[in-house]
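Please read the following walk through a protein model with the sequence and the 3D view at hand.

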Amino acid sequence: MASVAERLSAAGTANALELRGVSRLFGALVALDDVTMSVRPGERRAVLGSNGAGKTTLFNAVTGDFPPSSGVIRFFGEDITWFPPHERIRRGLRRTYQISLLFGDLSVLDNVYLACRGVSRGRFSLLRPRRNDALMQSAIELVEAVHLSAVRERLVAQLSYGEQRQLEIALALAGAPRFILFDEPAAGLAPGERAELVEILSSLPRHIGYIIIEHDMDVALRVAESVSMMHNGRILKEGTPAEIESDREVQELYLGGGHG
Amino acid sequence: MAATTNTLNPDADRAAPSAAQSLPDWLNRIHPAVWLLALFLLFVPAFTNDFIQLQVFGWAFVLGMIALSLMFLAGYGGMVSLVQMTVAGCAGYMYAIFGHSAFMEVSLGWPWWATIPIALIIAVLFGTISGALAVRTEGIYTIMITLAIASAFFYFTRQNYTIFNGFSGFNAVRPPPLFGVDWKQATPFYYLSLFFATLSFLAVLYVSRSSFGLALQGVRDNARRMEALGFNVTAHRIAAYSFAALIAAVAGILLTWLNGQISPGTAGIGPVIDILIIAVVGGLRHPIGPFIGALIYVVLRTFALDALVAVGIAGERFQLLIGLGFLLIVLFSPDGVLGLWSRWRARLRKRRSEL
């Protein structure tokens, strides 16, 4: 693994993602409470926390699905706090959803093709895509990268749950992602599928950083090099996986007795 | 019609990736039933009179096109727009206002090559602006806001005399005598409307599998996810209104030629609702649906009166028969004639596999 200094100089000085005092209110409920966090380019971080800790709300604030009530979000130095979601995506931000949001009536390839089209020009093209288009080729490669070539032409509604989770990841890898938010990608997967997921995540190019929300500590600690612990909408602790695992407060709150 | 299943199935298109390069292969994929239908439509004037060509087929093609523009928005975009008939009416009005009519105090008398493009552009603009107002609403609110725009257009044209000539509108609006043909005659108009109906049908069929069409269906199924893939969902929806408006506008000019006039009643509340009925009765799942719906509608409208008189009921009750016909279709098949057709095929296939 390259040193922190090397990676910083390679990607410039700006953080991939920087949150300053980000809060999100739903009525009287404070879902995010003054969250400040920064993630370097290429850094891979896990976000842990119990249900309702604000992890998915954090993702929704970053992608603009539900913009923050206050605070500033910077993406590679650019203030994106009030950008519409599609503008953030076009700048290289990606996300997956906890409950797959896919297009069930379209084929696997068409789903991935749409994702590729969304971050390239020609979104309004009235021409049909051809098999030898560059964009269709990259969609085909992407389907292969997430091990779905065998079901490429199948309608997404007919896929197994695990296959849908893999497709969810393929959509996030379309185009030139610089930073990805994975929302519980391993949830509901069989052990074999989890291994496949870990392999897919580990084989991502080094310059792509991500934040992963994951309850499965085996997965989270194998694919992340730093950990943020959330509780009641706040960042409770940050550190390396080893530090977080050995932290007593964290153990009491989340890991219970001796799980890690 | 059998092509419906062929194109409804996305795998079918993928099955022949080289289709675009080799023409024979591309031709092979067309179902024989489509050839038969095309042949039939081409030779209709050979065995029908002027009345059938103009009052049945001419009307069915034109109303089918307007319903097709509704089907495009509703079927692929999930947006039920009641403004499509109004867009058609707008195009017809613009053609009459910029071109020739019996009311030359208002009509500007410009040549056809200027009038037709201007009418299309203004109508598409009108459809796009209506779309821009409607796209931020969903479901029943989209229906309400587009109905409101349609009503506003109807009352405005009826009360405005300086531009729209109020209640009477414009009479004696004729198609230009291009190539020395009087396009208002039954057979020429039959082929003219057949040409544009086929063109718009094929255009919708093609665009439904284009990048724009795929994305539109994505927006219909999951707008939030489309935003998260980098699509500007609002812009995409508005663009769909523009595309649909172009089809409706072309149909609107044809409609004005067919009627020989344009008046507020052309795009009144009744016709606006009729277009919705035509699209729903035909089916919103495939672009052939609106044309089937239009044919049923026109046949019922044309012959209901005679049928009633024949069985000894007062002729003015013909609306009742039309209503009952639609009620029956929608009752037995909420997704229109197309749904009836696909269920019948599924049952046939099942029976065959049991044998």
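A polar atom of the side chain of B:Thr157 lies 2.8 Å from the backbone oxygen of B:Phe154. This counts as a polar contact, meaning a pair of N or O atoms within 3.5 Å; within protein, one must be able to donate a hydrogen and the other to accept it, and residues adjacent in sequence count only if both atoms are side-chain atoms. The model is predicted, and local features need pLDDT of at least 70, side-chain atom pairs count only at pLDDT 80 or more, while totals for chains, interfaces and linings use all residues. Residues are numbered from 1 along each chain as its sequence is written, chains are lettered from A and ligands numbered from 1 in the order in which they are written, and side-chain values use heavy atoms, with hydrogens and water left out.

B:Thr157 sits in helix α8 of chain B. Helices here are DSSP runs (H or I, at least four residues), as are strands (E, at least two), and both are numbered from the N terminus. Is B:Thr157 buried or exposed? B:Thr157 counts as buried because its relative accessible area is 0%; buried means under 20%, exposed over 50%, and partly exposed in between (1.4 Å probe, protein chains only). Leaving out residues up to four places away in sequence, B:Thr157 touches B:Tyr93, B:Phe164, B:Gly166 and B:Pro264, where contact means heavy atoms within 4.5 Å.

B:Phe156 belongs to helix α8 (residues 140-159) of chain B. With a relative accessible area of 43%, B:Phe156 is partly exposed.

Next comes the division of chain A. Chain A is split into domain 1 (1-92 + 178-260) and domain 2 (102-175), with bounds that come from an automatic or database domain assignment. The centres of the two domains, taken over C-alpha atoms, are 25 Å apart. Domain 1 of chain A brings 16 residues to the contact and domain 2 of chain A brings 13 residues. Between them the two domains bury about 1100 Å², with 65% of it on carbon and sulfur atoms; buried area is the accessible area (1.4 Å probe) that two parts lose on being put together, summed over both. In domain 1 of chain A, the residues that lose the most area to domain 2 are A:Arg90, A:Glu196 and A:Ile200, together 39% of what that side buries.

What remains is the meeting of the two chains. Here 40 residues of chain A are in contact with 32 residues of chain B. The area buried between the chains is about 3200 Å², and carbon and sulfur atoms give 57% of that area. A:Phe103, A:Phe124 and A:Arg128 supply 22% of the area that chain A buries against chain B, more than any other three residues. Three salt bridges are found across the interface of chain A and chain B. B:Arg209 forms a salt bridge with A:Asp110, with the closest N and O atoms 3.1 Å apart.

Definitions and conventions
Salt bridge = Lys/Arg side-chain N within 4 Å of Asp/Glu carboxyl O.
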